[in-house]
Amino acid sequence: MYFNKLKNITVVAILGLMLSSCARQVTRINTESAADISGNWNVTDSRLVAEEMTKSIVSAKWLPAYLESKAGKKPTIIVGLVQNKSHEHIEAETFVKAVESSFVQNGNIRLVQGGKKREELRAEKADQQDNASVSTMKKFGLENGADYILQGSINSIVDSHKRNKVVYYQVNLELTDIQTNEVVWIGEKKITKAVKN
Amino acid sequence: MRTILITIAGLIALSLHSNAQHASLATDQNPRYEQSRAKYMNKSDSLTSTQGTTIQETYKAYDWYEAREAKRKLRKESNFYNNQLDYSFYGGPFFYPTLRYNNFGYRDYGNGYRNYNRGHHFGW
């Protein structure tokens with residue numbers, strides 16, 4: 001009798017343990033908090049790049065120089081291509097969006113869409129030519145032409161031996177005058193990590 | 001006389017056209033800009049379609065630890081695959097005729113693979 005009771009309790013305890021160990025646990029963490037797990041590029045790196053770039057591009061000399069030379073006319077920027085030449089898959093949009101957001105919030109910089117989003121806008125405009133009322137239809141040929149293009153590159157150097165690895169990332173964003181090809185600003189963020197397996 | 005007049009008129013027209021072309025140039029603008037313009041006009045769509053995106057041109061970095069892990073994994077998989085191969089069948093390179101060929105008449109002990117020990121049957 002006593003043995004049977006003990007057996008039942010043991011079975012229930014084991015089942016409980018199995019269920020609790022199989023249940024997935026999700027814990028929400030602060031996006032700002034540094035959480036390094038594998039040593040690969042992560043959210044903290046992206047945030048550090050975004051902070052550095054937004055701080056640098058808005059406060060650089062090119063903006064007051066442009067505003068002065070154009071009698072207060074705001075410069076228009078288009079975001080171009082970012083080349084990831086590192087050893088990891090890195091999506092630059094995670095920090096480029098922060099830079100774009102800083103342009104919009106700054107108030108002295110205009111941002112225009114490029115690439116596939118611009119294609120979609122033009123397609124919508126084309127659709128309106130047939131379907132929208134004349135008073136609300138948007139016209140072709142009235143887009144804001146960009147003065148500057150923002151382009152970038154991501155590079156890395158990996159040095160590893162046995163269980164030790166040092167990874168160096170260099171992220172560059174460049175702002176170039178479309179008319180003259182003159183580079184007016186270069187933002188740089190260097191990140192070095194030592195990983196021990 | 002008529003031919004001379006036509007030639008003069010033609011030269012004047014050419015001169016005017018040339019002047020008009022130069023007049024449309026901005027200060028210090030390259031007069032051959034049209035060649036470059038023509039080159040890029042037809043391919044601007046394809047060249048700007050990647051704007052705002054990240055082109056992944058990544059490379060494979062050598063990592064001593066990862067390489068070792070990959071080598072181990074490969075060896076494990078290779079051993080597993082080789083263990084599944086059974087060369088002890090009749091006509092196989094390791095065929096050895098015994099009374100227990102193909103475990104005939106004996107239990108397999110539930111290891112999932114017939115002749116898991118790759119034909120090391122010595123007849124006892």
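Guide: Helices and strands are here DSSP runs, helices being H or I of at least four residues and strands E of at least two, and both are numbered from the N terminus. With that rule, chain A has five helices and five strands, and their order along the sequence is α-α-α-β-α-β-α-β-β-β. Chain B has four helices and one strand, in the order α-α-α-β-α.

Visitor: What conventions should I keep in mind?

Guide: Residues are numbered from 1 along each chain as its sequence is written, while chains are lettered from A and ligands numbered from 1 in the order in which they are written. This is a predicted model, in which local features need pLDDT of at least 70 and side-chain atom pairs count only at pLDDT 80 or more, whereas totals for chains, interfaces and linings use all residues.

Visitor: In chain B, where is confidence lowest and where is it highest?

Guide: The scale is pLDDT, the predictor's confidence in each residue, from 0 to 100. Chain B has a mean pLDDT of 75, with 51% of its residues at 70 or more; the lowest confidence in chain B is in helix α1 (residues 2-23), at a mean of 60, and the highest is in β1(B), at 95. Where pLDDT is low, the predicted coordinates should not be read in detail. For the complex, the predictor gives an ipTM of 0.78 and a pTM of 0.73.

Visitor: What is the radius of gyration of chain A?

Guide: The radius of gyration is taken over C-alpha atoms, and the globule rule is 2.2 Å times the number of residues to the power 0.38. For a compact globule of 197 residues the value would be near 16 Å, but chain A has 26 Å, and its C-alpha trace spans about 95 × 55 × 25 Å along the principal axes.

Visitor: How is burial judged, and what share of each chain is buried?

Guide: A residue is buried if 20 or more other C-beta atoms lie within 10 Å of its own, exposed if 12 or fewer, and partly exposed in between, with C-beta atoms placed from the backbone. Buried residues make up 20% of the 197 residues in chain A and 4% of the 124 residues in chain B. In α4(B), the number buried among its 21 residues is zero, so this helix lies largely in the open.

Visitor: Is A:Pro75 buried or exposed?

Guide: A:Pro75 counts as buried because it has 21 C-beta neighbours inside 10 Å, and its place is in the loop between α3 and β1 of chain A. Two residues are in contact if their C-beta atoms, placed from the backbone, lie within 7 Å. Leaving aside neighbours within four places in sequence, A:Pro75 is in contact with A:Tyr66, A:Ile109, A:Arg110, A:Asp147 and A:Tyr148.

Visitor: Which residues of chain B contribute to its side of the contact with chain A, by class?

Guide: The contact takes 26 residues from chain A and 18 residues from chain B. On the side of chain B, β1 (54-56) and α4 (64-84) each supply at least two residues, and β1(B) gives the most, with three residues. Ala, Val, Leu, Ile, Met, Phe, Trp, Tyr, Cys and Pro count as nonpolar, Asp, Glu, Lys and Arg as charged, and the others, Gly among them, as polar; by these classes that side has six nonpolar, nine polar and three charged residues.

Visitor: In what sense do β1 of chain A and β1(B) pair?

Guide: Two strands pair if DSSP finds at least two bridges between them. Strand β1 (residues 76-84) of chain A and β1(B) pair in the parallel sense over three bridges, and A:Val82 stands opposite B:Thr54. Within chain A, β4(A) and β5(A) pair in the antiparallel sense over 13 bridges, where A:Val171 has A:Lys189 in β5(A) as its bridge partner.

Visitor: What is found in the turn of the hairpin that β4(A) and β5(A) form?

Guide: Most residues other than glycine have a negative phi, and most peptide bonds are trans. The hairpin has five residues between its strands, and A:Asn181 in the turn has a positive phi of about 65°; A:Asn181 counts as exposed, with 8 C-beta neighbours inside 10 Å. A:Ala71 also has a positive phi, of about 55°, although it is not a glycine, and A:Ala71 is found in the loop between α3 (62-69) and β1 of chain A.
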